[in-house]
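Please take a moment with the sequence and the model, and let us walk through them together.

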Amino acid sequence: MSNRRGGSRTVPVVAVLVTMAAVLAATVAFGIGAGAAQASGGAGEATTRQSAAVGPQEEPQPVQTVKDLCHNCLGADDAICWELPPYECAVSVTIGWVAKNDVVVRFGTVDQSARAGIDYLPVKDGVITVPAGSQRGTGVVRLVPGKPTDQDRSFLIQLYQPSEGEISQELGQVTISAGEPGQPVDPKG
């Protein structure tokens with residue numbers, strides 16, 4: 001940097017490091033296709049460097065949940081399943097209000113590393129009901145019994161056509177764990 005004479009002043013330029021995890025956290029905080037980021041590979045260690053003139057720093061805001069986003073919002077939850085009898089995987093929806101009436105949300109499955117017909121039975125037009133007086137409803141996706149593998153696999157739950165409210169988090173990731181129940185597993189990878 002140089003300092004010119006004649007009344008000009010130097011504006012400091014600061015290198016800003018933005019991690020993909022921070023970008024994804026902001027995406028989740030505002031309910032904008034959070035699952036889509038997972039579908040494209042999720043948060044890695046990749047970073048982006050930018051140069052920018054930086055003004056006063058704002059305090060980081062806490063990550064919000066579906067309940068914090070708006071009274072009328074609903075979203076798909078992430079889930080972990082194991083390949084054990086009865087070979088069913090519970091998938092759920094959370095709503096941002098206590099339902100006065102049953103809230104019905106339609107859902108379908110989308111392949112990722114888990115494949116429909118091989119790892120699980122596809123759902124094209126399933127229904128999850130959030131019962132009156134509750135904020136969460138659960139549906140079922142059947143797993144295909146087979147030889148357990150040594151790698152986790154995943155598929156997505158995609159929500160559409162809620163009977164009430166608006167979808168703020170359309171996708172939830174379901175992980176079929178290669179581990180055993182009781183072992184700590186992070187559904188985000």
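Where does Tyr-87 lie? Tyr-87 sits in the loop between E4 and E5. Bear in mind as we go that this is a predicted model. Tyr-87 is not a glycine, yet its phi is positive, at about 60°. A cis peptide bond joins Pro-85 and Pro-86, with omega about 10°.

Now step back to the whole chain. The protein chain has three helices and 11 strands, and reading along the sequence gives the pattern β-α-α-β-α-β-β-β-β-β-β-β-β-β. Of its 189 residues, 31% are buried. If you take the contacts between residues at least 6 apart in sequence, 69% of them join residues at least 24 apart. The chain exposes about 11600 Å², and carbon and sulfur atoms supply 52% of that area.

Let us return to E4. This strand has a covered face, made up of Ala-79 and Cys-81, and an uncovered one with Ile-80 and Trp-82. E4 runs parallel to E11, and four bridges join the two strands.

What does the disulfide join Cys-81 to? The partner is Cys-89, with an S to S distance of 1.6 Å. The count for the model comes to one disulfide. The link of Cys-81 and Cys-89 is right-handed, with 45° about the S-S bond. As a reminder, a disulfide is a covalent bond between the sulfur atoms of two cysteines. Is Cys-81 buried or exposed? Cys-81 has a relative accessible area of 4%, so it is buried. Cys-89 has a relative accessibility of 1%, so this residue counts as buried as well.

E5 holds another residue worth a visit, Ser-92. At 14% relative accessibility, Ser-92 falls under the 20% limit and therefore counts as buried. Its side chain makes a polar contact of 2.9 Å with the side chain of Asp-77. Setting aside neighbours within four places in sequence, Ser-92 is in contact with Gly-75, Ala-76, Asp-77, Arg-136, Gly-137 and Thr-138.

Next, turn to the nonpolar interior. In soluble globular proteins, nonpolar side chains tend to be buried together. The largest nonpolar core in this model has 25 residues, and those with the most contacts inside it are Ile-95, Phe-107, Val-141, Phe-155, Ile-157, Leu-159 and Val-174. Several strands each supply at least two residues of this core: E3 (73-76), E4 (79-82), E5 (88-95), E6 (103-111), E7 (126-130), E9 (153-160) and E11 (171-177). The largest share comes from E5, with four residues.

Gln-173 is in strand E11. Its relative accessibility is 9%, so Gln-173 counts as buried. A polar contact of 3.4 Å joins the side chain of Gln-173 to that of Ser-154. Gln-161, by contrast, is exposed, because its relative accessible area of 55% is over 50%. Gln-161 is found in the loop between E9 and strand E10 (166-169). Its phi is positive, near 50°, in a residue other than glycine. That brings us back to the feature we began with at Tyr-87, a positive phi in a residue that is not a glycine.

How values were computed:
Residues numbered from 1 in each chain as written. Predicted model: local features only at pLDDT ≥ 70, side-chain atom pairs only at ≥ 80, totals over all residues. Heavy atoms only, no water. Core = buried A, V, L, I, M, F, W, Y, C linked by side-chain atoms within 4.5 Å. Buried < 20%, exposed > 50% of the residue type's maximum accessible area, 1.4 Å probe, protein only. Contact = heavy atoms within 4.5 Å. Areas by Shrake-Rupley, 256 points an atom, 1.4 Å probe, with all protein chains shown as cover. Pairing = 2+ DSSP bridges. Disulfide = S-S within 2.5 Å. Polar contact = N/O pair within 3.5 Å; in protein donor to acceptor, adjacent residues only side chain to side chain.
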